Every structure is written in structure tokens, then in C-alpha cells.
Amino acid sequence: AFLAAQLVATLIAVYCSWGFARTEGIGWGWAGVIWVYSIITYFPLDIFKFIIRYALTGKAWDNIVQNKTAFTTKNDYGKGEREAQWASDQRSLHGLQPPEALFHGNHKEQSELAEQAMRRAEVARLRELHTLKGHVESVVKLKGLDIETIQ
């Protein structure tokens with residue numbers, strides 16, 4: 001893309017002779033000077049651009065900060081993670097199953113149950129807000145009254 005854009009710009013700059021804009025072509029000598037300048041500045045700036053983009057993503061800083069004990073944001077300088085890694089290594093040395101294999105629960109079923117509970121809670125909340133009966137039941141429950149006695 002850089003090369004194509006530069007070629008088109010060079011041809012326009014060299015052969016341009018537009019009377020309505022009062023412009024004349026600059027000639028091949030100046031076009032060569034512009035090409036040399038573009039090549040000299042394009043490649044170092046492109047490399048510099050990639051370095052800056054990497055530094056600004058945060059990956060570079062995380063790599064520097066998290067791997068150095070003195071500058072880490074981890075609690076206890078990552079002691080818990082080191083102990084967990086050591087325990088995992090010891091389990092594998094002795095031929096034991098990793099801790100994840102000990103839990104046989106289905107995560108999909110658990111997430112479905114959680115979604116159903118959230119839907120039920122949302123329906124109850126909307127019922128309480130938008131119906132008179134729900135509002136009355138809510139007030140009675142908050143005040144600790146017995147609704148049977150009131151009726």
C-alpha cells in the first residue's frame with residue numbers, strides 16, 4: 001500500500017500541470033529527493049510504531065511487572081500461586097489426579113440452574129413492582145405482619 005501510494009503521488013507530482021490549480025510538475029530530481037526522504041523516515045518510524053503499540057497494550061508492562069517479585073501487584077509476592085504450583089507438581093509426581101478431576105459436577109447444569117434462579121428472582125421483583133397484590137405482600141412482609149390476620 002505504501003509503495004502504490006508513493007508511486008501514484010510521484011507520478012502526479014512529476015507530471016502535474018493543472019492550470020485551474022496553477023500547479024506545475026516538480027520534475028524527477030525533486031521526486032528522487034522525496035523518495036529518499038520517505039524511505040529513510042518510513043522504515044524506522046514503522047518499527048518505532050510497532051514498539052510503541054506493544055508497550056501501550058499493557059502486555060509488555062504486565063510481563064515486566066508480574067515477573068519481578070519486587071514490583072508485583074500480587075498478594076504476598078505470588079506465594080499462593082507458587083504453593084499451588086508446588087502442590088500440583090507433587091500430586092503429579094505421586095500419580096494422583098489433578099484437583100479439577102476430583103469435581104464431577106457438570107458446570108453447564110450449574111449455570112442453567114443459576115440462570116433459572118435469576119429469572120425467577122426477576123419475575124418476583126417485577127411482580128412486586130407492578131402489581132398491587134405484590135406490593136401489598138412486600139409491605140406486609142417488611143413490617144412483619146401476618147396477612148391472614150389482616151384479611
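Begin by selecting Asp-46 and Lys-49, which lie 3 residues apart in helix H2 and are therefore separated by about one helical turn. The model is a predicted one. Display the side chains of this pair: Asp-46 forms a salt bridge with Lys-49, and the closest N and O atoms are 3.0 Å apart. Are the two partners buried or partly exposed? Asp-46 counts as buried, because its relative accessibility is 18% and the limit for that class is under 20%. Lys-49 is partly exposed, with a relative accessible area of 40%.

**Helix H2 as a whole**

Which residues of H2 are buried? Colour Ala-31, Trp-35, Ser-38 and Asp-46 to see them.

**Aromatic pairs**

Next, show the aromatic rings. The structure holds 2 aromatic pairs. In one of them, the rings of Tyr-15 and Trp-28 have their centres 5.9 Å apart and their planes at 80°, so the pair is edge-to-face. The pair links distant parts of the chain, with Tyr-15 in helix H1 and Trp-28 in helix H2, 13 residues apart. Tyr-15 is exposed, its relative accessible area being 57%.

Tyr-42 and Phe-43 also form an aromatic pair, again edge-to-face, at 5.1 Å centre to centre and with 80° between the planes. Select each residue of this pair in turn. Tyr-42 is partly exposed, with a relative accessible area of 29%. Phe-43 is likewise partly exposed, with a relative accessible area of 44%.

**A nonpolar surface patch**

Switch to a surface display and select Val-8, Ile-12, Trp-18 and Phe-20. These residues form a nonpolar patch on the surface, and their accessible area together is about 460 Å². Phe-20 counts as exposed because its relative accessibility is 74%, and the class begins at over 50%.

Return to the charged side chains. How many salt bridges are counted? The count comes to 4, and the bridge between Asp-46 and Lys-49 is one that has already been visited. Select residues 107-130, helix H6, in which Arg-119 and Glu-115 both lie, 4 residues apart, about one turn of the helix. Their side chains meet in a salt bridge at 3.7 Å, N to O. Glu-115 counts as partly exposed, at 42% relative accessibility.

Then move along to Arg-127 and Glu-137, whose side chains meet in a salt bridge at 3.2 Å, N to O. This pair links distant parts of the chain: Arg-127 is in helix H6 and Glu-137 in helix H7 (residues 132-143), 10 residues apart. Arg-127 is partly exposed, with a relative accessible area of 39%. Glu-137 is also partly exposed, with a relative accessible area of 30%.

**The whole protein**

The secondary structure comes to 8 helices and 2 strands. In what order do the elements run from the N terminus on? They run α-β-β-α-α-α-α-α-α-α. Of the 151 residues in the protein, 9% are buried. Among the contacts with a separation of 6 or more, 14% are between residues 24 or more positions apart. The accessible surface of the protein comes to about 13300 Å², of which 64% belongs to carbon and sulfur atoms.

Note on methods. Residues are numbered from 1 along each chain as its sequence is written. This is a predicted model: local features need pLDDT of at least 70, side-chain atom pairs count only at pLDDT 80 or more; totals for chains, interfaces and linings use all residues. Side-chain values use heavy atoms; hydrogens and water are left out. Patches are made of residues with over 30% relative accessible area and no salt bridge: like charges are joined within 9 Å, nonpolar side chains (Val, Leu, Ile, Met, Phe, Trp, Tyr) within 5 Å. Accessible areas come from the Shrake-Rupley method with a 1.4 Å probe; for residues, only the protein chains shown count as cover. Buried means under 20% relative accessible area, exposed over 50%, partly exposed in between (1.4 Å probe, protein chains only). Rings of Phe, Tyr and Trp (its six-membered ring) pair if their centres lie within 6.5 Å; planes under 30 degrees apart count as stacked, over 60 as edge-to-face and the rest as tilted. Contact means heavy atoms within 4.5 Å.
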